Each structure stands twice: as C-alpha cells, then as structure tokens.
Amino acid sequence: MSFELPPLPYAKTAFGELISEATFNFHHGKHHNAYVTKTNDAIAGTDHAGKKLSEIIKASEGGLFNNAAQVWNHSFYWLCLSPEKKEMPAELKSRIEADFGSVEDFKEKFKAEAVGHFASGWAWLVLNGDKLEITSLHDADSPVAHGMKPLLTIDVWEHAYYLDYQNARPDYVSALLDSAIDWDFVAQNLDGEGVSRADQG
C-alpha cells in the first residue's frame, strides 16, 4: 500500500497573509508531496511496504528515514494549525502552567527554541514521560523516533516561511503561536488521540 499526500484540513487561502496560498502551494503541494513520493519509491518491494509511517521511522535510517519522517512531521504540522484563533483548553493550560509557570512563559520558551534552532528542523512541545518539554530536532528528525509523545510542532525549515516572512523566522513563529495554533488538537495529543491522525499505513 502506498502513502498519500493528506489533504489540508482547511482552504489554502484560510490564513490570509499569515500563511499565504503560495506558501501552501509550495510547502504542501511540492515539498510534502515530494517526501511522499520518495518514501513510496524507497519502500516499494521491501519489508517496509504495508507498514505504518511511524513503524518505518523507528526501523530505518538514511534517506528512507528522512523522507518518511518528513511525511509524518508535515502531516502532524498541518493538524497543529488553525485559521481561527482558538483558546487553550483548561486541561492543557493547567499542564503548561505546572511545567512552564504560565502560558506566556511557555510561548516565550517555545519561540526561543524555534528561533534559536540553527538551520533546518522542527520545534516541538512533547510529553516525555509525565512531563511536558520543549525541544527542537534537526532536519527530518522526529519525536516518533525517540519515544516522546508529540503535542505541537512548528516547522522551521525555510520553505515553511520564506515566501511570507523572508528571513524573519521570529515573526513567523510569533504569528503562529499567537493566532494560528489549534490548541484543541494539541490537547487531544495528551491522550494520543490526535497523534494517530498523522500516521498512515
């Protein structure tokens, strides 16, 4: 069974200037789609055919790992976004306040991690054991490979923001954290309900 490019859960014009239609056309339509194609080509006729993306990520390395992890990371990233500004559910807010002091402190720490990450990669909020943690991973690396439960990610590869923000990564990260995160989806991931939506197989 081949993997497919998942449809976006909103219109490509839904975010206005915050994330442009042009960015979605390139980021989703070209970059994400290319990772799907390369993953399918790499697993054809191998023992990986028929496995879930998460299973391939945990069992592979090199080019296959990079492409399969990028398919999973991108699928998860789209689900983390909302064109409508959402309030943070009470359970998630309570967990964030317990581990980071306040929602604002969390956002500042997350932004610092995302902006300070050198070169390409992803900024993550994860559940590691019973504690929320902020981390970043290089290139295609994913919490799926490290036994951490992903709750939220922001893509900090340049193709995620360069058309709209040029080299101003801080503006891109702030715009998403302030106005475009689906906090309901993030909260669902505390119980693993949302994470499975990014997996295929």
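This report describes helix packing, aromatic pairs, backbone angles and selected residue contacts in a predicted model.

**Helix packing**

Two packed helices are described by the angle between their axes and the distance between the axes. Helix α1 covers residues 21-43 and helix α3 covers residues 62-80; their axes come within 8 Å and cross at roughly 140°. The pair α1 and α3 is therefore oblique, since only angles over 145 degrees count as roughly antiparallel. The handedness of the crossing between α1 and α3 is left-handed.

On the α1 side, the contact is made by Phe24, His27, His28, His32, Tyr35, Val36, Lys38, Thr39, Ala42 and Ile43. On the α3 side, Leu64, Asn67, Ala68, Gln70, Val71, His74, Ser75, Tyr77 and Trp78 take part. Sorted by class, the residues in the contact of α1 with α3 are ten nonpolar, eight polar and one charged.

Another helix contact joins α4, residues 90-100, to α5, with axes that come within 8 Å and cross at roughly 70°. That angle makes α4 roughly perpendicular to α5, because the class runs from 65 to 115 degrees. Helix α4 contributes Lys93, Ile96, Glu97 and Phe100 to the contact, and helix α5 contributes Val103, Asp105, Phe106 and Lys109. The contact of α4 with α5 has four nonpolar and four charged residues, and no polar ones.

**Aromatic pairs**

The structure holds 15 aromatic pairs. In one of them, the ring centres of Tyr10 and Phe15 are 5.0 Å apart with the planes at 85°, so the pair is edge-to-face. Tyr10 has a relative accessibility of 12% and counts as buried. Phe15 is likewise buried, with a relative accessible area of 8%.

Tyr10 also pairs with Phe24: the ring centres are 5.8 Å apart and the planes lie at 55°, so this pair is tilted. Because Tyr10 lies in the segment before α1 and Phe24 in helix α1, the pair ties together parts that are 14 residues apart in sequence. Tyr10 and Phe24 are both buried. Phe24 is also one of the α1 residues in the contact with α3.

Tyr10, Phe15 and Phe24 belong to one aromatic cluster, together with Trp72, Phe76, Tyr77, Trp78, Trp122, Trp124 and Phe185. Of these, Tyr77 and Trp78 are among the α3 residues that contact α1.

**Positive phi angles**

Most residues other than glycine have a negative phi, and most peptide bonds are trans. Ala119 has a positive phi of about 65° although it is not a glycine. Ala119 sits in the loop that runs between α5 (103-116) and β1 (121-128), and is partly exposed, with a relative accessible area of 43%.

Asp139, also not a glycine, has a positive phi near 55°. The loop that holds Asp139 lies between β2 (131-138) and β3 (149-155). Asp139 is partly exposed, at a relative accessible area of 42%.

**Selected residues and accessibility**

Ile134 lies in strand β2. Not counting residues up to four places away in sequence, Ile134 touches Phe100, Phe106, Lys109, Phe110, Glu113, Trp124 and Leu125. Among these, Phe100 of α4 and Phe106 and Lys109 of α5 also take part in the contact between those two helices, and Trp124 is a member of the aromatic cluster. Ile134 and Lys111 are 23 residues apart in sequence, and their C-alpha atoms are 9.8 Å apart.

Phe65 is found in helix α3. Phe65 touches Ile57, Ser60, Ala140, Asp141 and Ala145, again not counting residues up to four places away in sequence.

Lys58 is in helix α2, residues 53-59. Lys58 and Tyr162 are 104 residues apart in sequence, and the distance between their C-alpha atoms is 31 Å.

The table lists the accessibility of several residues.

| Residue | Relative accessible area | Class |
|---|---|---|
| Phe15 | 8% | buried |
| Phe65 | 13% | buried |
| Asp139 | 42% | partly exposed |
| Ala119 | 43% | partly exposed |
| Lys58 | 60% | exposed |

Methods. Residues numbered from 1 in each chain as written. Predicted model: local features only at pLDDT ≥ 70, side-chain atom pairs only at ≥ 80, totals over all residues. Heavy atoms only, no water. Axes fitted to C-alpha atoms, helices over the stretch in contact; angles between N-to-C directions. Helix = DSSP H or I, 4+ residues; strand = E, 2+ residues; numbered from the N terminus. Parallel < 35°, antiparallel > 145°, perpendicular 65-115°, else oblique. Left-handed = near helix turned anticlockwise from the far one by under 90°. Contact = heavy atoms within 4.5 Å. Nonpolar A, V, L, I, M, F, W, Y, C, P; charged D, E, K, R; others polar. Phe/Tyr/Trp six-rings, centres within 6.5 Å; stacked < 30°, edge-to-face > 60°. Buried < 20%, exposed > 50% of the residue type's maximum accessible area, 1.4 Å probe, protein only.
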